[in-house]
Amino acid sequence: MSGKKIGIMGGTFNPIHNGHLLIAENARWQFGLDQICFLPAGIPPHKQNLMVLDGHSRCEMVQLAIEDNPDFYLSDYEVQRTEPSYTYLTLEYLKQKYPEDTLYFIMGADSLRDFATWRNPKRISELCHILVAVRDTLEEESLTTLAKELKQQLGTRIGIINTPNVAFASHEIRMRVNHGQSIRYMVPEKVRAYIYEHQFYTMPEDTEI
């Protein structure tokens with residue numbers, strides 16, 4: 001993988017859905033990335049109180065979702081760790097493993113707004129470019145201003161991914177499964193079948209999902 005441009009698509013993926021795939025593909029195409037690494041979080045520091053499926057199951061769903069795309073691949077690095085997953089530590093590991101590659105960390109707009117509060121944002125800025133998915137013109141304008149501020153404060157290199165607006169998230173999928181509603185076309189068909197086969201996200205009404 002020497003000298004490649006590698007996109008890092010991190011996230012809990014609880015579960016992975018078509019919006020994640022659309023963002024990853026748009027990032028790959030728009031910025032000329034050679035590959036996209038899907039990196040499910042192990043123990044997300046900001047989500048330890050939520051009902052998150054085990055790492056193996058989330059990795060299985062990611063693999064099912066990306067198996068037909070030769071430019072996408074899965075890394076289980078974070079789910080194998082016993083400590084909480086911090087982005088800067090993962091990026092340090094990847095940079096040591098692939099020193100000739102250029103890393104591009106892909107995130108959503110909400111994550112960029114919180115970026116300055118992440119653990120060691122300056123180190124993250126040193127290790128990678130950041131690509132941010134935007135949904136509309138107004139959001140792009142506000143993020144462009146924020147990107148300039150982060151560039152000045154932390155040296156953060158930020159690119160804007162223009163992608164169609166996908167108005168659903170993993171928590172909505174979990175809620176729909178829990179209430180017996182359809183998730184067809186929200187997730188890849190193999191992921192949908194896997195969720196129902198293992199009866200994931202089905203729990204008492206008062207359980208936080």
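Biologist: Why are α2 and α9 called roughly antiparallel to each other?

Modeller: One caveat on the source: this is a predicted model, where local features need pLDDT of at least 70, side-chain atom pairs count only at pLDDT 80 or more, and totals for chains, interfaces and linings use all residues. Residues are numbered from 1 along each chain as its sequence is written, and side-chain values use heavy atoms, with hydrogens and water left out. Now, helix α2 (residues 55–66) and helix α9 (residues 189–197) pack at about 150°, their axes 8 Å apart. Angles run from 0 to 180 degrees between N-to-C directions, and axes are lines fitted to C-alpha atoms, for helices over the stretch in contact. Under 35 degrees counts as roughly parallel, over 145 as roughly antiparallel, 65 to 115 as roughly perpendicular and the rest as oblique. So α2 and α9 come out roughly antiparallel.

Biologist: Which residues make the contact?

Modeller: From α2 it's S57, E60, M61, L64 and A65, and from α9 it's K190, V191, Y194 and I195; contact means heavy atoms within 4.5 Å. These residues divide into six nonpolar, one polar and two charged. Ala, Val, Leu, Ile, Met, Phe, Trp, Tyr, Cys and Pro count as nonpolar, Asp, Glu, Lys and Arg as charged, and the others, Gly among them, as polar.

Biologist: What makes β3 and β6 stand at the edges?

Modeller: The open sheet has six strands in the order β3-β2-β1-β4-β5-β6, with parallel pairing. Strands are DSSP runs of E, at least two residues, and helices are runs of H or I, at least four, numbered from the N terminus. β3 (72–74) and β6 (158–162) each have a single partner strand, so one side of each is left without a neighbour in the sheet.

Biologist: How do you know that β1 pairs with β4?

Modeller: Two strands pair if DSSP finds at least two bridges between them. Five bridges join β1 (residues 5–11) to β4 (residues 102–108), so the pair qualifies. M9 stands opposite I106 in β4. On β2, six bridges pair with β1 in the parallel sense, and P40 is the bridge partner of G11.

Biologist: Why is the pair of F13 and F38 called tilted?

Modeller: Rings of Phe, Tyr and Trp (its six-membered ring) pair if their centres lie within 6.5 Å; planes under 30 degrees apart count as stacked, over 60 as edge-to-face and the rest as tilted. The centres of F13 and F38 are 6.0 Å apart and their planes are at 45°, so the pair is tilted.
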